[in-house]
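Here are a few notes to read with the model open beside you. Take them one at a time and find each spot as you go.

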Amino acid sequence: MTSIAIPLAAALAAGTVVLDGGMSNQLESAGHDLSDELWSARLLAESPEAITEAHLAYFRAGADVAITASYQATFEGFARRGIGRERAAELLALSVESAREAVRRARAEGVTRPLWVAASVGPYGAMLADGSEYRGRYGLSVDELERFHRPRMEVLAAARPDVLALETVPDADEARALLRAVRGLGVPAWLSYSVAGERTRAGQPLQEAFAPAADADEVIAVGVNCCAPGDVEGAVEIAARATGKPVVVYPNSGEAWNAEARAWDGRATFTAEEVLGWRASGARLIGGCCRVGPDAVASIARVLKA
């Protein structure tokens, strides 16, 4: 574990914790090309130092939690690139170690606050790399989705992150599969949906979608990510009411992903001042997702810690 003698769940019970921002935009700003199906996970094999530096940039900005570059890292996705199962497992573990190394470097630079590592578990649609993580409804059963997720979750858990980030989930069926897969791994988790208004991307009401997490002992927070900032506040209230757990929120900048063009459209609308309203509604783990960089995270940290 990488925190200073305090589990993340205890920190959330005591106050607000700052998440990092988007991994891909930070890597792209450093000059890395992410225009293939493995996205930032490709750099686990080709340039793990770049990933460590991206994590470190967010710690320097004031983030307390680093989310690993394993969102799109799956055995199936690596296999399509000719990477065997043993090497794929090594790369999954490396995603956690790269974030841990950033913690060590932050400590060497004088950062003394608690820092945590969250191992990203992206949805099935992230492996498909066709934008379906924003739609859900893959045509797979809960059992099939559990069989897809469990092996890599086992590898990530064995690498000893502080928490598993079950994130950008578009569909309540996939959430149920993830909640089953996380049982017995010995690592806490948070569950966050990608939403449109007060529904999952697949169209289920959030009150129903959050309900299964209420009784999941492994789940220390529930909420939303990779959504429009305007969809956050209502979702926070529903998540808190449905589960009684601390709420995690990390929306996009406000721009929208165009899966066909593999580019972002629109303009950024996210402002750090919005986080005060989210905190008032029950959010305790707050940061940004795609297109939210270190400068924005620094602003979030200043607002929350003022």
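1. First, some ground rules. This is a predicted model, where local features need pLDDT of at least 70 and side-chain atom pairs count only at pLDDT 80 or more, while totals for chains, interfaces and linings use all residues. Residues are numbered from 1 along each chain as its sequence is written, and side-chain values use heavy atoms, with hydrogens and water left out.

2. Find α8, residues 142–158. Helices here are DSSP runs of H or I with at least four residues, strands are runs of E with at least two, and both are numbered from the N terminus. The 17 residues of α8 should span 24 Å at 1.5 Å a residue, and the end C-alpha atoms are 24 Å apart, so the two agree. (The expected span is 1.5 Å times one less than the number of residues.)

3. Where does α8 bend? Look at Arg-150: the bend there is about 30°, and Pro-151 follows within four residues. (The bend is the angle between axes fitted to the seven residues ending there and the seven starting there.) After α8 comes Arg-160, with a positive phi near 65°.

4. Now the hidden side chains. Buried residues of α8 include Leu-145, Phe-148, Arg-152, Met-153 and Leu-156; buried means under 20% relative accessible area, exposed over 50%, and partly exposed in between, using a 1.4 Å probe and protein chains only. Among the elements covering them are α6 (85–108), β3 (116–121), β4 (163–169) and α9 (172–181).

5. Leu-185 sits in the loop between α9 and β5 (189–193). Is Leu-185 buried or exposed? Its relative accessible area is 16%, so Leu-185 is buried. Leaving aside residues up to four places away in sequence, Leu-185 touches Arg-150, Met-153, Glu-154, Ala-157 and Leu-164 (contact means heavy atoms within 4.5 Å). Met-153 is 32 residues from Leu-185 along the chain, yet their C-alpha atoms are separated by 8.1 Å.

6. Next, α12 (residues 274–281) and α13 (residues 294–305) pack at about 50°, with axes 9 Å apart. Axes are lines fitted to C-alpha atoms, for helices over the stretch in contact, and angles run from 0 to 180 degrees between N-to-C directions. The pair is therefore oblique: under 35 degrees counts as roughly parallel, over 145 as roughly antiparallel, 65 to 115 as roughly perpendicular, and the rest as oblique. Val-275, Leu-276 and Arg-279 in α12 meet Ile-300, Val-303 and Leu-304 in α13.

7. Finally, α4 (residues 48–61) packs on α6 at about 50°, with axes 8 Å apart. That makes α4 oblique to α6.
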